[in-house]
Amino acid sequence: MKRPAAHLTDLDALLAKTRAKMKAWEVQAFFLGMSASTNVRLGPHHHLERIFGEDMAFGSDIEEANANLQVVMGFWNHLQDERREGRLRLSDVTLSRPPTVGELRTLAERRHEEVRWFIRGIDAGGDDPIEFGAEGKKLLTGIAEGSGFVQAYINLLDRRPPATEKELVDAAETIAELTETIEGKMLDLNTVGADVRAEAIAAFETLEKSGGETDDGGKIRARTVKVGRNDPCPCGSGKKWKKCCGAVKPPGGVVQ
């Protein structure tokens, strides 16, 4: 099931209006990667500058800026809803019937770049492959291999382009099958990331309730870190806490 077109249409219009650095399909793949991250505090508000550029021409006034932000957050929330319902789709690319060789190459290049943006999204959370566990590392490898197959198919299209209508249709089906495989692994990795985040939140809440300490036989002796509103944000963004992660209610609902 494909997402409602309105979500991507609104985002596409906003990116064009603000002359953003990224295209809508790039943002989509980037957000899908971010949602797979094990970072419990990662959200689109942390990467608006990456999407819209350093000038952040986000609106002529507060009202317009808030409206534009709602478009971005609405698209993010929509992707999260789809993920929770077991759906993850890369962008739609319209093909002729039968497709042309140029359309097939454009589609394959799009899929290859979407994997790159997906990985950038994961990297935005500061994840190390080990944090995903054995299953997650296997899925990451599978996604990379899928991207490699797409690149190999691009090379094949250049060397021996389909000539007949049947070959063109078969080529489109091959790319569709590769896309479905990659999407499936991306969805599975999102599930793994969600499980890791859930475990981290549960551990955080357990420590919070215990005052940050275990019993005498425990090995964990940590206390909740208090960060001042004007202190540098611990996430490493370089911004003040109140302008970065402090603007978002962290797991457990504690903002010091």
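I looked up Phe30 first, and it counts as buried because its relative accessibility is 0% (buried is under 20% relative accessible area, exposed over 50%, partly exposed in between, with a 1.4 Å probe and protein chains only). I note that this is a predicted model, where local features need pLDDT of at least 70, side-chain atom pairs count only at pLDDT 80 or more, and totals for chains, interfaces and linings use all residues. Residues are numbered from 1 along each chain as its sequence is written, and side-chain values use heavy atoms, with hydrogens and water left out.

Next I turned to ring pairs, and I found 3 aromatic pairs in the structure (rings of Phe, Tyr and Trp, its six-membered ring, with centres within 6.5 Å; planes under 30 degrees apart are stacked, over 60 edge-to-face, the rest tilted). Phe30 and Trp117 have ring centres 6.0 Å apart and planes at 85 degrees, so I logged them as edge-to-face. Phe30 is in helix H2 and Trp117 in helix H5, so this pair ties together parts 87 residues apart in sequence (helices are DSSP runs of H or I, at least four residues, and strands are runs of E, at least two, numbered from the N terminus). Trp117 has 11% relative accessibility, so I put it down as buried too.

Then I checked Phe31 and Phe75, a tilted pair with 6.4 Å centre to centre and 40 degrees between the planes. Phe31 lies in helix H2 and Phe75 in helix H4, 44 residues apart. Phe75 is buried, at 1% relative accessible area. Phe31, Phe75 and Trp76 form one aromatic cluster.
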